[in-house]
Amino acid sequence: MPPAHPFDDDKLKEECGVFGVVGVSDAANFVALGMHALQHRGQEAGGIVTHDSDQGFNSARRFGYVRDNFTSAKLMETLPGSIGIGHVRYSTAGSKGATAIRDVQPFFGEFSMGGAAIAHNGNITNANALRKELIDRGSIFQSSSDSECIIHLMARSMGATIPDRMEEALRKVQGAFSVVAMTRTKLIGVRDPLGVRPLVLGKLGDGWVLSSETCALDIVGAEFIREIEPGEMVVINKDGVKSHRPFRPAKSRFCIFEHVYFSRPDSILGGRSVYETRENIGRELAKENPVEADLVCPVPDSGTPAAIGYSLQSGIPYAMGIIRNQYMGRTFIEPSEQIRNMGVRLKLNVNRALIEGKRVILVDDSVVRGTTSRKIKEMILDAGAAEVHFRIASPPTAWPCFYGVDTPEREKLLAATMSEAEMAEHLAVDSLKFISLDGLYRAVGETKGRDPNAPAYCDACFSGEYPVVPSDMIDDGFEMKPAAE
């Protein structure tokens, strides 16, 4: 894969997306459609595994977009069967940049009772310790992915069935995981006890669907049934859905950044429209941080719903002051160094006639390193804006995520080393304001804001309070936030 565009390099990377279907003819085609709907969760690589009673298990793994690989009739004919799972990947553990095809999921293993394939969204925080233990006991790993630990743990289990083995394996795993797996006849879905990553269940005719998000149910014409609950395992076959509870009960800590950025705006999370939640975030942002201005403009595309909410709440007109080049993909031909240095301008262009002479509020979803924000500000000023005010639809991102999001080291996060005022000075903007953590909680439905004694979400990237201790990272020298801080 070519390197990421400079604009993408200053965003938190989506984790991965998983999708599975059982009880339909040509399952691979449905899986490919589901993966396409989940493409925003991972653009580096994708894979599909299916099973057919005559040909057994079949798989295809490719680098790049779903549309460029899994739309070929010739390829899809090699994936027959009425059951299949798929995975779209952005590397958060193992080899960055999907440099090895062996790291592309789903992973497959042959056991004494038959084969099984798994696709994993999340991050195993004790993967290094598990991997060392397994290798010491004779396991031979084929990839650098943390997800492969699950297959090896299953292989060493003495469980009588594959679901039994998966339960035993996942009890040894720490971190965040939503897993979709398959045997010859069963589709399996599991969420970690805290429910950090999403997973939903849908009905498709006489068949069933598991997906990271509801938007993928829509594309295949499936009916949304419910979310898989935190700590739940569902096993689906021709007789229907059976639910198991393999883990100790725990309070849900769903990733709050799914509401802010990761999930598609047309998905439903916890019974709430992601689009409406993001509009609510914009409203809260306007209440907390008003400023006199002429226009509210989103940084496309992720800042759009929040910018609309800010405009509606403040009464300041909304306008598309920045236009995104929809045809600028990650496969853009490598140009000269001079052209590469244009950076953001290859992807975004300012609507000069609209911006000139105006006081502009720019609404974005987050600030990570700050490099893109600075370039966008320069573009707005070059177009003749009188003032530039940034309003950010999330609190300052000051801590790395270890639960399936590729976050820079803490010292590279702008908010980890600077105050809000210092960041505004660094970016050279007229003002910079973030929504508060309480405001974000109110926007997602917690009317009293965040309860510091019992937060309803995982907000570690903002608060530094990790619901699962990242043991591997601590072993590598990461310092947790002091309890009294």
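This is a predicted model: local features need pLDDT of at least 70, side-chain atom pairs count only at pLDDT 80 or more; totals for chains, interfaces and linings use all residues.
1. Helix α6, residues 162-170, is largely enclosed by the rest of the structure, because seven of its nine residues are buried. The buried residues are Ile162, Pro163, Arg165, Met166, Glu167, Ala169 and Leu170.

2. Helix α5, residues 148-156, packs against α6. The two axes come within 8 Å and cross at roughly 120°, and the crossing is right-handed. On the α5 side, the residues that meet α6 are Ile150, Leu153, Met154 and Ala155; on the α6 side they are Ile162, Arg165, Met166, Ala169 and Leu170. By class, this contact has eight nonpolar residues, no polar ones and one charged residue.

3. Four strands form an open sheet in the order β17-β20-β21-β22, and their pairing is parallel. The edges are β17 (295-298) and β22 (431-434), each of which pairs on one side only. From one strand to the next, the twist averages 20°.

4. Within this sheet, β20 (residues 359-364) and β21 (residues 387-392) run parallel and are joined by six bridges. One of the residues involved is Arg359, whose bridge partner in β21 is Glu387. Helix α10, residues 304-314, packs on the sheet and touches β17, β20 and β21. The direction of α10 makes about 165° with that of β17.

5. The largest nonpolar core has 73 residues. Those touching the most other members are Leu362, Ile380, Phe390, Tyr403 and Leu432. Beyond its neighbours within four places in sequence, Tyr403 is in contact with Gly122, Asn123, Thr125, Ala176, Val196, Arg197, Cys458, Tyr466, Pro467 and Val468. Another core, of 27 residues, lies apart from the largest one; its members include Phe107, Ile124, Ala181 and Val235.

6. Asn289 sits in the loop between α9 (274-288) and β17. Is Asn289 buried or exposed? Its relative accessible area is 11%; buried means under 20%, so Asn289 counts as buried. Leaving aside neighbours within four places in sequence, Asn289 is in contact with Tyr310, Arg391, Lys433, Phe434 and Ile435. The C-alpha atoms of Asn289 and Arg226 are separated by 37 Å, and the two residues are 63 residues apart along the chain.

Key: Residues are numbered from 1 along each chain as its sequence is written. Side-chain values use heavy atoms; hydrogens and water are left out. Buried means under 20% relative accessible area, exposed over 50%, partly exposed in between (1.4 Å probe, protein chains only). Helices (H or I, at least four residues) and strands (E, at least two) are DSSP runs, numbered from the N terminus. Axes are lines fitted to C-alpha atoms, for helices over the stretch in contact, and angles run from 0 to 180 degrees between N-to-C directions. A crossing is left-handed if the near helix is turned anticlockwise from the far one by less than a right angle, and right-handed if clockwise. Contact means heavy atoms within 4.5 Å. Ala, Val, Leu, Ile, Met, Phe, Trp, Tyr, Cys and Pro count as nonpolar, Asp, Glu, Lys and Arg as charged, and the others, Gly among them, as polar. Two strands pair if DSSP finds at least two bridges between them. A nonpolar core is a set of buried Ala, Val, Leu, Ile, Met, Phe, Trp, Tyr and Cys residues joined through side-chain atoms within 4.5 Å.
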